[in-house]
Amino acid sequence: ALMRQFHQITAALQDAGNQPDAASLEDLQAKRRDVWDLLAIARARAAGAAEPPLLSLQAVQRVLAPDEAVLGYFFLAPTVLLIMMMDRERFDVERVVFNSEDEMAPVNDLLDAIEGMASGGLLDLDAAIQAAGELLLPVGVREFIQAKARVIVSPHHGLHLFPFHAASWDGKFLIERSAVRYIPNFSSLLLEWRGPMRTGVFALAVSRFNVAGEPCPDLANAE
């Protein structure tokens, strides 16, 4: 039933793509995300996946190393962003309010550009990421994580597309200051690792690539 509902909403989205009603399109997209989440839950349960552990602040803090910090992002509204900051001993929240969608343009324009990278034109990603990073990593957030060797990021909605590790910080990238990894939610930090502990590691690096058919400069120090 869920899969049938997912296909119906997808078909409706394709039809709505030719219509000027943006609100209707956004409503359908939100419904499809909800159904997709329910499908993922149903599949996990059918496969015998264990229920996630009970989420609490204390439980998450217990699994963090002293040199780790977690950043959680949540949109309360299109122009209101909640940033949760947590380490082994501290928990803080910063509410970022943008006076208009124009103030959020650096973020929204970058995410739109990433989603539409099949279109023509070379993107100035460095400048776009730097501008968006100033909004997504405000001063209070940087002060919270500045002494941490590892930063864990849990994005929300379109922010899953944003490369937090490439955000600029005092002339360097965040990844040059701290190891960065991404999680879908805080609960995932509480799940026990069930894979093999002593296996090989596969790594893939790309040093030369094209964006929208335009050649990009080779990446320095990549082999």
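Student: How many bridges join E1 to E2, and do they run parallel or antiparallel?

Tutor: Start with the general idea: strands of a sheet pair through backbone hydrogen bonds, either parallel or antiparallel. In this predicted model, E1 and E2 run antiparallel, joined by seven bridges. Look across that pair and you'll find leucine 71 opposite methionine 85 in E2.

Student: In what order do the strands of the open sheet come?

Tutor: Five strands make it up, ordered E3-E2-E1-E4-E7, with mixed pairing. Strand E3 (91–97) and strand E7 (179–182) are the edges, as each pairs on one side only. From one strand to the next, the twist averages 20°.

Student: Now helix H5. Which of its residues are buried?

Tutor: Ile129, Ala132, Gly133 and Leu136. They sit on the same side of H5 because they cover an arc of only 110° around the axis. Their cover includes strand E1 (68–77), strand E2 (80–86), helix H4 (105–115) and helix H6 (139–145).

Student: Which residues touch the most other members of the largest nonpolar core?

Tutor: That core has 30 residues, and the ones to find are Leu71, Tyr73, Leu81, Leu136, Ile145, Leu159 and Phe162. E1 gives the largest share, four residues.

Terms used:
Residues are numbered from 1 along each chain as its sequence is written. This is a predicted model: local features need pLDDT of at least 70, side-chain atom pairs count only at pLDDT 80 or more; totals for chains, interfaces and linings use all residues. Side-chain values use heavy atoms; hydrogens and water are left out. Buried means under 20% relative accessible area, exposed over 50%, partly exposed in between (1.4 Å probe, protein chains only). Helices (H or I, at least four residues) and strands (E, at least two) are DSSP runs, numbered from the N terminus. The arc is that of the directions from the helix axis to the C-beta atoms. Contact means heavy atoms within 4.5 Å. Two strands pair if DSSP finds at least two bridges between them. Axes are lines fitted to C-alpha atoms, for helices over the stretch in contact, and angles run from 0 to 180 degrees between N-to-C directions. A nonpolar core is a set of buried Ala, Val, Leu, Ile, Met, Phe, Trp, Tyr and Cys residues joined through side-chain atoms within 4.5 Å.
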